Amino acid sequence: MATAASHLLFQTPTMHPTKSAKLSSNPFSVNTSLPLKLKPVSTSVISRFPWADLSTSEPKTHKFVPGFTKSEDGFLYCEEVKVEELMEDVEKGPFYLYSKRQITRNVEAYKDALEGLNSIIGYSIKANNNLKILEHFRSLGCGAVLVSGNELKLALRAGFDPTRCVFNGNVKILEDLVLAAREGVFVNIDSEFDLENIVAAARIAGKKVNVSLRINPDVDPQVHPYVATGNKNSKFGIRNEKLQWFLDAVKSHPNELKLVGAHCHLRSTITKVDIFRDAAVLMVNYIDEIRSQGFEIDYLNIGGGLGIDYYHTGAVLLTPRDLINTVRELVLSRNLNLIIEPGRSLIDNTCCLVNRVTGVKTNGIKNFIVIDDAYQEGKMPFNYLPTENEELRDLLCQSVQNLINLVKRFKTSIAQHIQNITGSNGHQNVAEQSTYGATTSSGTSSENAEEAMKGKMEEFDQELSKIVGLHDLKQQLRKWAKGILLDEKRRAMGINLGPRKPPHMAFLGNPGTGKTTLARLLGKLLHSIGVLSSDNVIEVQKTDLVAEYLGQTGPKTRKKIEEAMGGILFVDEAYQLVPKQSAAGHVDYGTEALEVIMSVLEDGGLLVVFAGYTEPMKRVFSSNEGFCRRVTHFFHFEDYSCEDLVEMLMIKMSKQDEKSWLYGFKLHPSCTPSAIKSVIKRYSTEKLRNKQNGGLVDNMLNNAIENLDSRLSFESKGDELLTIMLSDLEAGLQSLSKRANVDDETESK
């Protein structure tokens, strides 16, 4: 038994409450209950990766066996050892059980991928800072990535080579920097004051510090916004327009600083390889520029962030080899040493939390299985929740927002109290300091806040630029955004403003004019500026709201309203709730659903958008006396012009993602906007364009790809397979027009 379990590591949570607790507390992990025998137990097995078998440490002729497996009899095994039996050897539970072999396999997967490159695998200690785990990573040849002084001390205690450690973060205090300088740790420069502190630490330690510049490449990692750190508005890193200032500053401190590398980190849970590629291309270009100014840059640090399979669905995710192959040629072409900073991808599939079932409790109609662990063993940091679980994430975020609002009210009351004692000056200074962060110059803080507001508006405008047409709506959205941001400034003065009520709307227009698409985008936009607490958009039609029998419509409608709380309830084809006339003997409960929706419009808990054809929607306006009083913004979605359709087509072809059916295809240079406009005018009628609107672009492109397929041969290769010619667009639209003519003839008969 002892021999069989030699690769297992134990940790009792009550002994050392480290960050590793989050590994087993993942709310999306699969909970596996072991069969109830003499000593019933349950285990929660956390995130597993499909790529752990990349390790060459296992003979290729052997079938890969993951660290944790479930046998046919329902028992959980860790490295061929029954977990239930291990409980007998542990003095006290609950406890974390780690698979040492699985950790080794995960590291070997990175080592294999990095073969042929000079590299450092820097394990991100914040993923799990258990000392035994750290010692094992050190024994495997890993370096360490640190974000605090305590993590630095822990790494040194675990025996890591300090010259293979990287000190990250934008909050590094002088005392910790002095220790890093003395030990020879790489230090990333994250800001102007960070640079000043590093220079001071170098002088105190009497050693020159090897530093890297953490450059913000402004690459969207397409992850949850709370864990995205590589875009231009992130608090991390140096904006490219400030890069020259930092280079000059480093050059002015030759006795304290030696610039040896460039670093970027896009953040966690990335699942698209081209994101790493985009960032790496930008980074090597920066390195070329830095080297041209006489700096000897030897290291490129691309951070970490590989996504993991939270849902155990067998999703095809990025592997270490995918990541490294993306940047391999770039690294070799510049003769660079590569540093990577994996965290969860090394540790998250290596552990389970083992606990006992203490009993079963029945409370009403629910049964509760009670176990001997709780949140103190597995806390759920809401910042790291996957985006997909919107309900749980919004619940946690709302709780935190309530706390923030409470703190703001407390600060405001203090400021008002001081105003009563000292007058307006005291009130103004305290309010500015409590909001913007206590600086000696309130002007500097105000300027920073104004810059942040301008940055938010710029980002908002960029999103609006993706919308084709709809000038009036975009102008209104800009007004709302500006008002919300100005409210932030008003609150900073100590004025206790309440939240603005969501502006309920009606979208009027023909099918295909983008009403549903805009509603989805609207949720994200209004959430980003604080109008909504969630970007959730619930789309409903009459069948989702109206029941067949008396008394069922109200509860059915209220359920949909509850789902949309904090976000948008989008009622498509809303006119169907108010039919022209009901058939004899048929009772229609649509107006009841409408009344239920109208009753919550003034509560401020959600935003409602009613959508439909212009004429039939007039029935809705007149059916309820309070409609036009509560729904205050009406937007007409005009039919798309030829110019609009061209713009839409160009956007679709230039801003693709891997989920798009157009992914990989591109337009031939002959497909200019003017040429495409001529094709649309020549091969489509105004009636067809008004009938299909945005749908015409999708149908046209789909037919164009079919025409491309028909004219290619199996000998075709390279770009030829993916390039849509102008003739393909012509053929695609001609085919669509012919089909539309047939439909018109059928209707006329």
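In what order do the 5 strands of the open sheet lie? The order is β20-β21-β22-β19-β23, and the pairing is parallel. Strands here are DSSP E runs of at least two residues and helices are H or I runs of at least four, numbered from the N terminus; two strands pair if DSSP finds at least two bridges between them.

Before going on, note that this is a predicted model, in which local features need pLDDT of at least 70 and side-chain atom pairs count only at pLDDT 80 or more, while totals for chains, interfaces and linings use all residues. Residues are numbered from 1 along each chain, and side-chain values use heavy atoms, leaving out hydrogens and water.

Follow β20 to its parallel neighbour β21 (residues 568–571): 4 bridges join them, and V540 has V571 as its bridge partner. Helix α19 (residues 590–599) packs on the sheet and touches β21 and β22 (607–612); contact means heavy atoms within 4.5 Å.

Now look for the nonpolar cores, which are sets of buried Ala, Val, Leu, Ile, Met, Phe, Trp, Tyr and Cys residues joined through side-chain atoms within 4.5 Å; buried means under 20% relative accessible area with a 1.4 Å probe, counting protein chains only. The largest has 79 residues, and F137 is among those with the most contacts inside it. Helix α9 (residues 273–292) gives the largest share of this core, 8 residues. A second, separate core of 30 residues includes V571, the residue you met as the partner of V540.

Terms used:
Buried < 20%, exposed > 50% of the residue type's maximum accessible area, 1.4 Å probe, protein only. Axes fitted to C-alpha atoms, helices over the stretch in contact; angles between N-to-C directions.
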